[in-house]
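Student: Hello! I am new to this structure and would like to learn how to read it. Could we go through it together?

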Amino acid sequence: MTDGILGRHRAPSLRLRSGKRAFTRLHAIILSRRYAAACKRAARMARLSRFLHDVHLAVSAAAVAAMPVRYACAGAAVAVAGRAAVFSELAGECGLRAREGFQDILSRRPVLTLRGGRIRTAGMCVFAAAAVVIFTVSMYGTGLEVVMDGEPMGYVHRQSEVVTSIGSVSARVSDILGVPYVMQPDVRYRVSIVRRSKIFDQREFEQKLFESVGAVKLLHVLTVDGETVGALTSREAVGMVLDGILAQYPTEGETDTVGFTQDVRIEFRYTDAAHEVTAARLTEKLTEEVRPAVYDTFSASEGLDAFCRRNGITWERLEMLNPDVDFAELADGHSLLLNGALPFLSVARGHQIRFEVEVPFEIEYRDNTDMYKGEERVKVEGVNGMAIVTAEEMNLDGQVVSVNEQYRTVTLPPVTQIVEQGTKVKYALGTFRYPISGARLTSPYGKRWGGFHYGMDFGAPKNTRIRASDGGKIIFAGWYGTYGNLVIIQHSSQYKTYYAHCNSIDVKVGQMVAQGDTIARVGSTGRSTGYHVHFEVRSYDKPLNPANYLKR
């Protein structure tokens, strides 16, 4: 017996040792043959992996050749990554197969394990190659590159799309310009392999072609009453031009208003490129005069009435346009403004003003049976009141065109005048009395303003009673041209009297009136400049000077 590491045991006999050595040699021979077979299978697997790697490189090279130059680097990176993956996989597979071979030798595992590994490796390589091919086909395709007049326009699918787009763009540009427009570009085509996302569809290519047309441009267009005035690239710039024009008419309070009289709009759209101007030029076009100011020279021999008739303008309008002119002392040869200058873009400004005015007193008539008809006596004198008027003054391009009263506040009430009038009938005596008792003479009989005045004007408050200068028959009562409301009394076969510019008429044709009867009320109808009565005395229809016949 001998002592071993694990303890005491009996030494084998020589026969047993010889048999064991023989068995060990046989076992080693068998194992070495299995190991050799495993190494051969690993070598075949490595050759198959290198073959698939070469196929992968060929496919990748074809994809890179089909790509544009800008994608070559990306393709090369994919190829390098694929090769590195194959080598890494190959190295790992070789180590795995060697390890499995040794384990198979020791554990006597069947050879099918290595065969299954080879099948999996080949499948992975085939899948990777197929993925590269699918990726390449899905991302890239054949496109038709369009070059117009030497400038690349992009890629399309078919040549017919370009022809259709040229016709559509020509029609669209013609509508914008308002004149026929035909595109005739020099078109060339090149077939290329291109990324599919870079190929235009019909609508995209047509829009790109339209944007390349230099005759039209996308701008902010300013229109006045539908007419295009100009265009700028910035909406803010157009707004600044309009604000600059309005700033010439500043407002003075919260109630003041300022704005354009025309329809002014800013539209962002395609328009004729010739409409593009600078902000300074746009301002110049908007403020230029389309009609200059109109003046006429006054002639003393013509008179203001004839001057207004000849120019078709009223007294009120003439005074409003010439606020600094004193018409009572108007000199011969003075130039009067008839129409202010009219700019292309007119500006209206509403300005609230306040001013003090007199409030005319009213007249109350009371009958007195002790007085003859036509006789009057003032019992209580009338006194005018005072009021503060708030009005809106409208200006057009700096000229006052109207003053519209909004409201008034009476600060001093007027005192009503009380007049007693007789009721006794008094027949005509063949003498003429003043049509208005105590009235002031505002215009005598004779030459006036270059013409001739055929009567006498007596000023009086509105609705003051007008009395018959003498008894007679009413032969006319109504409107008569420049006389306005007119009453004519036939006193005899020889004499007539005229009462013109009446506000209202209180008698009828055919009615008989006595001297002093009320026949009308003071007004300012017809061609009149204020409240008064125009009184005439005629003999056989020939005007006479009433001053030679009137008596108080």
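Tutor: Gladly! Let's begin with how residues are classed: Ala, Val, Leu, Ile, Met, Phe, Trp, Tyr, Cys and Pro count as nonpolar, Asp, Glu, Lys and Arg as charged, and the others, Gly among them, as polar. By that scheme, the lining of the largest pocket holds eight nonpolar, 13 polar and eight charged residues. Do keep in mind that this is a predicted model.

Student: How much can I trust the prediction, and what is its average pLDDT?

Tutor: The general idea is that where pLDDT is low, the predicted coordinates should not be read in detail. Here the average pLDDT is 79, and 76% of the residues score at least 70.

Student: Where does the pLDDT stay under 50?

Tutor: One such stretch is residues 1-11, with eight contacts in the model beyond four places in sequence. Another is residues 108-116, where the pLDDT is below 50 and the model has twelve contacts beyond near neighbours in sequence.

Student: Now the pockets, please. Which residues lie nearest the centre of the largest pocket?

Tutor: First the idea: rolling a probe the size of a water molecule over the atoms shows where empty space is left. In this structure, the largest pocket has about 660 Å³ of space. Its lining counts 29 residues, and D305, R448, H453, H501 and R527 lie nearest the centre.

Student: Which element gives the largest share of that lining?

Tutor: Helix α8 does, with four residues. At least two residues each come from α8 (304-311), β21 (440-443), β23 (451-453), β24 (456-459) and β31 (532-539).

Student: And how much space lies in the second largest pocket?

Tutor: About 320 Å³. Its lining has 20 residues, with Q417, I436, S437, G438 and T464 nearest the centre. Two or more lining residues are given by each of β15 (363-372), β16 (376-380), β19 and β25 (465-467). The largest share, three residues, is from β16. By class, this lining has ten nonpolar, five polar and five charged residues.

Student: Let me try a single residue. Is Q421 buried or exposed?

Tutor: A residue is called buried when its relative accessible area is under 20%. Q421 has a value of 10%, so Q421 is buried. You will find Q421 in strand β19, residues 417-424.

Student: Which residues does Q421 touch?

Tutor: Leaving out residues up to four places away in sequence, Q421 touches Y365, R366, D367, N368, E375, E376, R465 and R467.

Methods:
Residues are numbered from 1 along each chain as its sequence is written. This is a predicted model: local features need pLDDT of at least 70, side-chain atom pairs count only at pLDDT 80 or more; totals for chains, interfaces and linings use all residues. Side-chain values use heavy atoms; hydrogens and water are left out. Buried means under 20% relative accessible area, exposed over 50%, partly exposed in between (1.4 Å probe, protein chains only). Contact means heavy atoms within 4.5 Å. pLDDT is the predictor's confidence in each residue, from 0 to 100. On a 1 Å grid over the protein atoms alone, a cavity is a set of points where a 1.4 Å probe fits but cannot get out, and a pocket is an open set with protein on both sides within 12 Å along at least five of seven lines; lining residues have an atom within 4 Å of a point. Grid points are joined across faces, edges and corners, and a volume is the space filled by probe spheres set on the points.
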